[in-house]
Amino acid sequence: MSKDYDDQRAGDLVPVKFSRLTRRGVLLGLSLSQLIALGVGVGSLVWAFYAGGGMLIAFSAPVWLSAAATVWIRISGRAIVEWIPVVFWWLWKATGGQLLYRRRVVRPRPAGSLALPGDVARLREYEDPITGAGMVHDPTASTLTAIVAVAHPAFVLLDPGEQDRRVSSWGRVLATVCRSGRLSMLQVLERTLPDSGTGLAEWWASHGNANGSWASTTYAELIERAGPAGERHATTLSLSLDMHAAARQIRTAGGSIRGAAAVLRQEMSTLIAALRSADLAPSDWLSCGEIAVILRSAYDPAIAATLERHGELGQSLATAGPVAVNESWSRLRTDSAFHAVLWISEWPRSMVYPGFLAPLLLSSGIQRSFSLMCTPMRSDQAARDIRKKKTEYISDAAQRQRIGQIEDASQTAEFQDVLQQEADLTAGHGILRYTGLISVSARTADELDAAVAAIEQAAIQASCETRLLVGQQAQAFTAAALPLCRVV
């Protein structure tokens, strides 16, 4: 998605506009699957017409009527034909017993592997000997990922001038990611976690005056009771190296996983410098033990506060995964919680200010993870993609005009978005594709339904549209709740 900026006075917040989710198909707004189904229906109707006339047309009616129904009838915003792959994959997993996962505790796992279910079971851990950072290697996708925690002030409490400066600085961070050409994804993961109370207790121990007075005793008791009941926010950035795109540099650095780690270290250093120039406070790159705590807390939220209080527990990636996972059509159940994943299908269509996600990110009393996956596009690839889109839009408009179909406003707006992306690319800006996912967790199914409803209302206040990712909750959860740069 690209962003349009209005010219305003220095120091004022600049509103932002996101590109619309393209709904243009291959021909006349129809996708490839819709065209195939329509072709089958038209073909059967034409064959019946020329082969035998009225009787054969009646006998073939179930074929061409079903084809027409799958093309034109929509369920939850999708044509029926587009639901076929989702339903087929769901049935394949159901018949193959892939909806249930139980850890085999007596069978050792291969050294260096992560104890995770599903397609993330193939991931491997690697500890960088130079930085001590834990890196996650996906041998199938040929990616290597490192994770860093980031501290930042409350954005909504800053004055407009400072907010605008920080937004511009963050834009330079994203531009740095775009110019690399060797990165496959930058993931921003913002999580709400149950607070163990250690932060308040440590502050009181170092700054408080425990003199035995009534005020001191009351304040200490309040901290003791309120600390474990609170929640805190944690933000991580995950940087994923595309080992195919960086193949030459990896060979120069010595090849194999060591060479890839050396190349990723260069990208890590560049990102850290960019974050510090944006007045963000990155920590050291997370070790394998710290990554294990994040994974364990995602699958087992009830243990998160205990792992924080006792720093030596849960520090092994070999045991960080869940003990049991049950996947259903619209939710996922793991060790101590139910989860549901929502996809932000539409970003704001009107001009909004940078803090537009505040209703969603600052919602209290709900345990959730917000994952923003930024996929950079190389300049040459983005230019080819834009030229292709322009050609397709112009040809579709000519085809609609030829058959007398009216041009609607949404198609015109999508074409204007493409022109704006071309202008941004010509001006030297990078092109990023954004994917937003929200993972909601609760202790019971009823609490999960209430939390999902609250998040959907918060998304409406943020001018966003959300959809529940039915039929693919397990895969979506690994992308939304884990800092591993996964895709859905």
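Predicted model: local features only at pLDDT ≥ 70, side-chain atom pairs only at ≥ 80, totals over all residues.
Colleague: Does α1 pass α3 in a left-handed or a right-handed crossing?
Modeller: Both elements are helices (DSSP runs of H or I, at least four residues, numbered from the N terminus; strands are runs of E, at least two). A crossing is left-handed if the near helix is turned anticlockwise from the far one by less than a right angle, and right-handed if clockwise. By that rule, α1 and α3 make a crossing that is left-handed.

Colleague: How are α1 and α3 oriented, roughly parallel or roughly antiparallel?
Modeller: Helix α1 (residues 32-51) packs on helix α3 (residues 61-72) at about 160°, with the axes 8 Å apart. Axes are lines fitted to C-alpha atoms, for helices over the stretch in contact, and angles run from 0 to 180 degrees between N-to-C directions. Angles under 35 degrees count as roughly parallel, over 145 as roughly antiparallel, 65 to 115 as roughly perpendicular and the rest as oblique. The angle therefore makes α1 and α3 roughly antiparallel.

Colleague: How many charged residues does the contact of α1 with α3 have?
Modeller: Contact means heavy atoms within 4.5 Å; on the α1 side Gln34, Ala37, Leu38, Gly41, Ser44 and Leu45 take part, and on the α3 side Val63, Trp64, Ala67, Thr70 and Val71. Ala, Val, Leu, Ile, Met, Phe, Trp, Tyr, Cys and Pro count as nonpolar, Asp, Glu, Lys and Arg as charged, and the others, Gly among them, as polar. The contact of α1 with α3 has 7 nonpolar residues and 4 polar ones, and the number of charged residues is none.

Colleague: How many charged residues are in the contact of α13 with α14?
Modeller: The axes of α13 (residues 379-403) and α14 (residues 409-426) come within 10 Å and cross at roughly 150°, so the two helices are roughly antiparallel. Residues making the contact include Lys389, Lys390 and Arg400 of α13 and Glu414 and Glu422 of α14. Beside 9 nonpolar and 3 polar residues, the charged ones number 5.

Colleague: Is Val148 buried or exposed?
Modeller: Val148 is found in strand β8 (residues 143-151), and its contacts beyond four places in sequence include Thr235, Ile272, Pro282 and Trp285. The C-alpha atoms of Val148 and Trp285 are 4.6 Å apart, although 137 residues separate them along the chain. Buried means under 20% relative accessible area, exposed over 50%, partly exposed in between (1.4 Å probe, protein chains only). With a relative accessible area of 0%, Val148 is buried.

Colleague: What is the relative accessible area of Val323?
Modeller: Val323 is found in the loop between α11 (304-309) and β12 (324-327). Leaving aside neighbours within four places in sequence, Val323 is in contact with Tyr101, Arg102, Arg103 and Asp335. Val323 counts as partly exposed, and its relative accessible area is 45%.

Colleague: And what relative accessibility does Ser297 have?
Modeller: Ser297 is found in helix α10 (residues 288-299). Not counting residues up to four places away in sequence, Ser297 touches Ala304 and Leu307. Ser297 counts as buried, at a relative accessibility of 9%.

Key
Residues numbered from 1 in each chain as written. Heavy atoms only, no water.
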